[in-house]
Amino acid sequence: MFFDIVISFASIMLKLTALFMILSFILHLLQVFIPYHKLEHLLKRHSGFRGGLIALVFAFMTPFCSCSTVPIVVHLLKNNIRFGVVMVFLFASPLLDPTILTVMTVFMGWEIAVAYTPVTASFSLAIGLILERFGMERAVKQVVMSGYDNRHNSFSVKRAWFETWAMMKTVFPYLTISAAIGALMHGVVPTDFISTYLGGDAWWLIPAAAVIGIPLYIRLSTMIPVSQVMIAGGMAVGPVMAMLISSAGASLPELVLLKTIFKTELIVTFVLSVIMMSTVSGFLFYLIHV
């Protein structure tokens, strides 16, 4: 059993590390060709549905975790971007990471990745615009922007490599943890246990997983290999996806940062919105895989 766990760990770790290194390097290399200034200009010019769509594109092109998104949110608000459009970006940015989507495709299958992308994008767009309609902009504090650099850099393989290496040093511990958990679950947890207690028609697992995901602060890079093992063992897709979305969409470290720019009213609304998004998304995935 121990040998099987080691082999499983090595396999998951090698696949994760290779995917993240290669994809992150390509993304950092191509960052200079992304017209961020033009996108910000478009965000300022357009509001409502069209502005929200542009915010989704902007979110897809800025592959950050939820905590790294906050300085950009402050920057956008300081530049008088519509509140609803900024909220669309805040919800979507940690969820629509192209690296994560690729890893999700490799580990969980293209069907889940294809369904995940429009579901999370649609909810991010709808919730962000609804919050503006309800006047939640009143709960934004006046803050000084820091921690965001939007200078245009020239094309450089060396710079892309250093940025990739810096990112990998941050992500590597999470990749190691995810590979270890996935290998242990694969070798130790019986598939009968997973399918009996975490599978089937236990609908209540979906909202429970959505709530549990927020305080856990499980990065998507950590959750995806674990999710693949759990689904392969017989766990229902719904609660897995609900926990995956909630843990990435609203973590405790992110909420601490958001407290510096949002009043309590908006913080609570944000958390409830993420829980709702995760729960409904979980039920959608449940219906898709019935």
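# Helix packing around H7

Tutor: In this predicted model, H7 and H14 cross in a right-handed sense.

Student: Which residues of H7 and H14 make the contact?

Tutor: On the H7 side they are Ile112, Ala115, Tyr116, Val119, Phe123, Ser124, Ile127 and Leu131. H14 contributes Thr269, Ser273, Met276, Met277, Val280, Ser281, Leu284, Phe285 and Ile288.

Student: And how does that contact split by class?

Tutor: There are 13 nonpolar and 4 polar residues in the contact of H7 with H14, and no charged ones.

Student: What about the angle at which H7 and H14 cross?

Tutor: Roughly 145 degrees, with the axes coming within 10 Å. H14 covers residues 264-288.

Student: Moving to H3, at what angle does H3 cross H7?

Tutor: The axes of H3, residues 48-60, and H7, residues 110-133, cross at roughly 135 degrees and come within 10 Å. H3 is therefore oblique to H7.

Student: Is the crossing of H3 and H7 left-handed or right-handed?

Tutor: The H3 and H7 crossing is right-handed.

Student: Which residues meet there, in H3 and in H7?

Tutor: Gly48, Phe49, Gly52, Leu53 and Leu56 come from H3, and they meet Ala121, Ser124, Leu125 and Leu129 of H7. By class, the contact of H3 with H7 has 6 nonpolar and 3 polar residues, with no charged ones.

Student: Then H6. How far apart are the axes of H6 and H7?

Tutor: They are 7 Å apart, and the two helices pack at an angle of about 145 degrees. H6 runs over residues 98-108.

Student: What does H6 meet in H7?

Tutor: Leu101, Met104, Thr105 and Met108 of H6 meet Trp110, Ile112, Ala113, Tyr116 and Thr117 of H7. That contact of H6 with H7 holds 7 nonpolar, 2 polar and no charged residues.

How values were computed: Residues are numbered from 1 along each chain as its sequence is written. This is a predicted model: local features need pLDDT of at least 70, side-chain atom pairs count only at pLDDT 80 or more; totals for chains, interfaces and linings use all residues. Side-chain values use heavy atoms; hydrogens and water are left out. Axes are lines fitted to C-alpha atoms, for helices over the stretch in contact, and angles run from 0 to 180 degrees between N-to-C directions. Helices (H or I, at least four residues) and strands (E, at least two) are DSSP runs, numbered from the N terminus. Angles under 35 degrees count as roughly parallel, over 145 as roughly antiparallel, 65 to 115 as roughly perpendicular and the rest as oblique. A crossing is left-handed if the near helix is turned anticlockwise from the far one by less than a right angle, and right-handed if clockwise. Contact means heavy atoms within 4.5 Å. Ala, Val, Leu, Ile, Met, Phe, Trp, Tyr, Cys and Pro count as nonpolar, Asp, Glu, Lys and Arg as charged, and the others, Gly among them, as polar.
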